[in-house]
Amino acid sequence: MTAKNMEDLVSLCKRRGFIFPSNDVYGGMKGLYDFGPIGVELKMNLKNSWWKSIVYERDDIEGLDSTILTSPTVLKYSGHEDTFSDPLVDCKKCKSRWRADQLENSQCPACNSNDLTEPRPFNLMFKTAIGPVDDGSSFAYLRPETAQQIFVNFKNIIDSTSRTPPFGIAQIGKSFRNEITPRNFIFRVREFEQMELEFFVKPGSDEDWHKYWVDQRLKWWSKQGVSSDKLKLLEVEQEELSHYSKATFDIMYEFPHGLEELEGVANRTDFDLGSHTKNQEDYEINAKVTPNKNSTTKLAIQDIESKKWYIPYVIEPSAGVERGVLAILNEAYTQEDENNRTVLKLKSHLSPIKAAVIPLKRNNSDLVNLANKIKVELQSLGLGRVMIENSGNIGKNYRRHDEIGTPMCITIDFETLENQSVTIRDRDTMKQERVDLSNISNFYSNYFKNN
Ligand code: GAP
């Protein structure tokens, strides 16, 4: 059972340390959120799961970690300076500002007035001054997508790795968009992370690779615990496509506020490399690109057989980390009235805390020392964070760990000191079993292998 509504998730996230409004002490800032002690682990686990499946488990993808500050020249040739905008309207009555395409009946949501300005393009990129003189002569953008730095690093990466298409470059990192109306918790925010893959292929093979990546990405989401009946594939209409795209499939998810985009998988053709390459006239570039006399670098590949140089096409699966976290929380959230509990049934690889070790009596040194030993032993298996709960309130501990999705609680009681065994409680079934201390690492590893 998924969350009943967004409020259930927002409340759980604040109460248990997943997500807080950013700058909270001063009233928060719209469209900005911080990930707390539990949220940071969930987010990291999701990113690691993506990285593992995209980079480690394959042999045709390299990683990158590039800067956020991006030269205006990059974003000029990428088309973002001219086209990365949303239609903005002002309400003439109450002076509020809205995204024209999100209004119902062209009406101001704040005061219901229909007296609005004509929509005008509002560029979503944040600008910042570079260097000590802030006179507008030297500035950078905070990147609106991680992709552009992948394209401008293309030559560095092929030269240092000897890759030829088909191959990909993956990156996870922050992106920034000055959204006109951030909303729906962490769904639409102004600062977020993207998990982006730019997969370079020979022109002509792009449509098959496009299908391949859509399929791969659907399978990956389902391995993260997102049920396939809540995912819908939507082919973006021609007139709605981004300026760089020949075709895009949006992976839509039924969020608590409605069916919306979780990830986009675009066929960016030869638009990006074709825009940033030097000597554009030397190649057959199919996309409509801005003439570029500034680039210093050839972003083309020589075909081994025909010896002809060509600009690779790009297939791009691009997923938002925050939207992923929201979907996963929504899927895992379970209200069990019969057990009077809320439980997060997360996939175990995503669980923020892998096990809680609980001495039955607070500050009892024999129990606490043993708990510490178990924590160190399990932690050394490298599966994630194991924590000690030394409050002595076992009922409260179980409730907290159910709500943050900890797969197992390990209780050290006085029997443990006598017969060297502990009680392990399973999050989902609430069943408890006695496990010998000598077998605890095995039990723990097997659980994570099988769940
Ligand atoms: N490089 C391609 C690109 O950026 P996009 O569809 O604009 O394409 C990709 O963004 C993904 O990034 C989206 O599917 C979404 O998951 C996430 N995303 C975009 N804007 C966002 C925002 N304002 N807040 C949170 N996530 C966002």
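View 1. The model is predicted: local features need pLDDT of at least 70, side-chain atom pairs count only at pLDDT 80 or more, and totals for chains, interfaces and linings use all residues. Residues are numbered from 1 along each chain as its sequence is written, and side-chain values use heavy atoms, with hydrogens and water left out.

View 2. A polar contact here is a pair of N or O atoms within 3.5 Å. Glu316 places a polar side-chain atom 2.8 Å from a nitrogen atom of the ligand. For Arg268, a polar side-chain atom is 3.5 Å from a ligand nitrogen. Phe187 takes part through a polar backbone atom, 3.3 Å from a nitrogen atom of the ligand. On its own the ligand has 560 Å² of accessible area, of which the protein covers 91% (Shrake-Rupley method, 1.4 Å probe).

View 3. Side chains of opposite charge can pair when their charged atoms come close. A salt bridge is a side-chain nitrogen of Lys or Arg within 4 Å of a carboxyl oxygen of Asp or Glu; the count by this rule is 36. One of them joins Glu322 to Lys43, with 3.6 Å between the closest N and O atoms. Glu322 belongs to helix H9 (residues 321-332) and Lys43 to helix H2 (residues 37-56), so that distant parts of the chain, 279 residues apart, are linked (helices are DSSP runs of H or I, at least four residues; strands are runs of E, at least two).

**View 4. Backbone details in two loops.** The peptide bond between Pro165 and Pro166 is cis, with omega about 5°. Pro166 sits in the loop between helix H6 (154-161) and strand E10 (167-176). Asn184 is not a glycine, yet its phi is positive, about 60°. Asn184 lies in the loop between E10 and strand E11 (191-201).

Conventions. Polar contact = N/O pair within 3.5 Å; in protein donor to acceptor, adjacent residues only side chain to side chain.
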